Amino acid sequence: MNLVIFGPPGAGKGTQSNFIAKKFNLFQLSTGALLRREIDNKTKLGGEILSIINSGNLVSDQIVSELIESFIGNKEFKNKLIFDGYPRNIEQAQNLNNLLQKYDQKIDLAIELSVSLKTIKKRILERQSQEKRADDKEDIAIKRYETYEKNIRPVIDFYKQSNLLKVVKGEASISEINVEISDLIEAIKG
Ligand code: AMP
């Protein structure tokens with residue numbers, strides 16, 4: 001089973017993906033984490049994307065696509081992927097379908113974590129004090145929220161039309177959301 005999980009910054013994508021990965025023996029593929037690793041390792045790519053990430057904009061589709069293809073093409077992760085933070089726009093959603101098809105796979109479930117801007121602001125400020133992510137500063141976090149809102153609607157429609165979309169209210173507690181998502185996964189596992 002492969003799934004995508006998306007939601008605005010601070011919605012709990014990372015936390016929930018991590019939980020699901022452990023519970024169902026899946027691999028959490030966080031594009032944000034992959035990109036931050038490039039920055040931390042001071043690679044050439046890291047140098048190119050630093051200012052983009054820290055401005056709250058999206059890194060180019062091509063860069064992110066290349067990063068994820070190596071995981072999709074890896075037999076070890078076949079049908080075991082949770083896409084955390086990908087796709088972020090309709091081009092990426094279509095690209096993901098094409099890449100998966102190339103490796104004889106598909107998406108089985110798309111989870112949208114829906115959370116209000118008020119909650120997002122509160123959570124990001126909390127996270128900022130713990131993780132010290134440069135892009136969690138309030139103005140950049142709001143820019144990331146706007147970037148998300150601007151691009152995500154066609155992605156939601158894309159998965160809705162394929163009958164893969166499930167919306168989970170991200171305002172509930174972490175453990176309540178854990179249960180809700182687990183139930184959705186159990187239901188498709190049959
Ligand atoms: P995240 O950890 O998912 O909040 O992502 C942090 C930042 O990484 C985003 O604000 C983007 O700048 C970049 N990023 C993560 N995933 C993607 C993606 N799928 N496409 C483009 N940029 C991305």
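Helix α2 (residues 31–40) contributes four residues to the shell around the ligand, the most of any element. Helices here are DSSP runs of H or I with at least four residues, strands are E runs of at least two, and both are numbered from the N terminus. The model is predicted, so local features need pLDDT of at least 70 and side-chain atom pairs pLDDT 80 or more, while totals for chains, interfaces and linings use all residues. Residues are numbered from 1 along each chain as its sequence is written, and side-chain values use heavy atoms, without hydrogens and water.

Now the shell. The ligand is surrounded by 17 residues (a heavy atom within 4 Å). The closest are T31, R36, N57, G85 and Q92.

Next come the polar contacts (pairs of N or O atoms within 3.5 Å). A polar backbone atom of N57 is 2.6 Å from an oxygen atom of the ligand. The side chain of R88 places an N or O atom 3.1 Å from a ligand oxygen. Q92 has a polar side-chain atom 2.9 Å from a ligand nitrogen. The protein covers 97% of the 480 Å² of accessible area that the ligand has on its own (Shrake-Rupley method, 1.4 Å probe).

What does the fold look like? The protein has eight helices and five strands. From the N terminus, the elements run β-α-β-α-α-α-β-α-β-α-α-β-α. The radius of gyration, taken over C-alpha atoms, is 16 Å. The globule rule (2.2 Å times the number of residues to the power 0.38) also gives 16 Å for 190 residues, so the protein is as compact as a globular protein of that length. Along its principal axes, the C-alpha trace spans about 45 × 40 × 30 Å.

Note on methods
A polar contact is a pair of N or O atoms within 3.5 Å; within protein, one must be able to donate a hydrogen and the other to accept it, and residues adjacent in sequence count only if both atoms are side-chain atoms.
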